[in-house]
Amino acid sequence: MSGASTAAYLARRAAQKERVRILYRRALKDTLNWAVHRHLFYQDASDLREKFEAHKHVEDLDTIDKMIAEGEATYNKWRHPDPYIVPWAPGGSKFTRNPVPPSGIEIVYDYGRENND
Amino acid sequence: MALRSAVLRYIRVPVQTLTATESKPQPQWSLRASLRLFSSHDVHLTKEEVIDRVLDVVKSFPKVDPSQVTPNVHFQKDLGLDSLDNVEIVMALEEEFKLEIPDKEADKIDACNLAIEYIYNHPMAG
């Protein structure tokens with residue numbers, strides 16, 4: 001592969017960096033799902049950070065792709081079955097709890113008045 | 001629901017504090033506390049609250065120098081943080097404001113002013 005900074009190389013590196021960031025974000029949230037107590041979470045989060053930092057200086061595109069694929073496979077293996085999702089977000093407990101009533105429906109305030117009054 | 005709160009936010013009348021007519025000065029928050037709103041989605045954060053809380057979160061990050069944090073600071077350029085540190089800061093902001101930011105949006109939050117804009121314009125920011 002070309003070591004020179006061509007546009008295609010930079011574009012691929014940028015896409016890989018984005019994948020790494022999204023993977024780190026999901027892995028961190030998953031760590032928080034598994035380790036609910038905060039001191040355990042800090043320990044696990046720093047371990048995760050060490051794992052990401054260890055491969056920071058790899059330059060070869062194919063090696064990076066392979067490592068990202070391995071990371072995503074590990075993430076999929078360790079996904080929590082009942083993750084914490086904010087209540088109003090999709091998947092949370094309050095999602096679509098009180099939907100907006102359809103328009104055109106009104107309440108007629110006739111207080112039980114009948115037509116022969 | 002998001003449309004409704006967006007419409008409500010658009011036509012919201014700003015609350016005027018009655019400091020000119022009253023003898024003792026009332027802080028902004030106590031007037032808002034006495035004005036009881038009957039919907040759970042009408043109480044939005046003010047910009048100062050958002051800025052204060054975002055700056056507190058960024059300042060309490062262990063790798064950040066608290067004296068350099070301003071509302072316009074860029075995480076990677078000005079504070080010298082890593083892209084993974086950026087991810088951690090965005091997660092801390094999500095936890096602070098009880099938000100759920102989609103992955104693509106969270107990737108774009110690079111600086112303090114972007115974070116403040118996003119959180120201020122989010123209808124469900126706690």
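A residue counts as buried when its relative accessible area is under 20%, as exposed when that area is over 50%, and as partly exposed in between, using a 1.4 Å probe and protein chains only. By this rule, buried residues make up 35% of the 126 residues in chain B. This is a predicted model, in which local features need pLDDT of at least 70. Residues are numbered from 1 along each chain as its sequence is written, and chains are lettered from A in the order in which they are written.

**Chain B**

- Chain B holds six helices and zero strands, where helices (H or I, at least four residues) and strands (E, at least two) are DSSP runs numbered from the N terminus.
- Of the contacts in chain B with a separation of 6 or more, 52% join residues 24 or more positions apart, a contact being heavy atoms within 4.5 Å.
- B:Asp65 sits in the loop between helix H3 (47-59) and helix H4 (83-97) of chain B, and it counts as partly exposed because its relative accessibility is 40%.
- From C-alpha to C-alpha, B:Asp65 and B:Asp78 are 11 Å apart in space, while in sequence they are 13 residues apart.

**A helix pair in chain A**

- Helix H1 (residues 7-34) and helix H2 (residues 38-54) of chain A pack at an angle of about 155°, with their axes 9 Å apart, the axes being lines fitted to C-alpha atoms over the stretch in contact and the angles running from 0 to 180 degrees between N-to-C directions.
- H1(A) and H2(A) are therefore roughly antiparallel to each other, a term for angles over 145 degrees.
- Among the residues making this contact are A:Leu23 and A:Leu28 of H1(A), and A:Phe41 and A:Leu48 of H2(A).

How values were computed
Predicted model: local features only at pLDDT ≥ 70, side-chain atom pairs only at ≥ 80, totals over all residues. Heavy atoms only, no water. Parallel < 35°, antiparallel > 145°, perpendicular 65-115°, else oblique.
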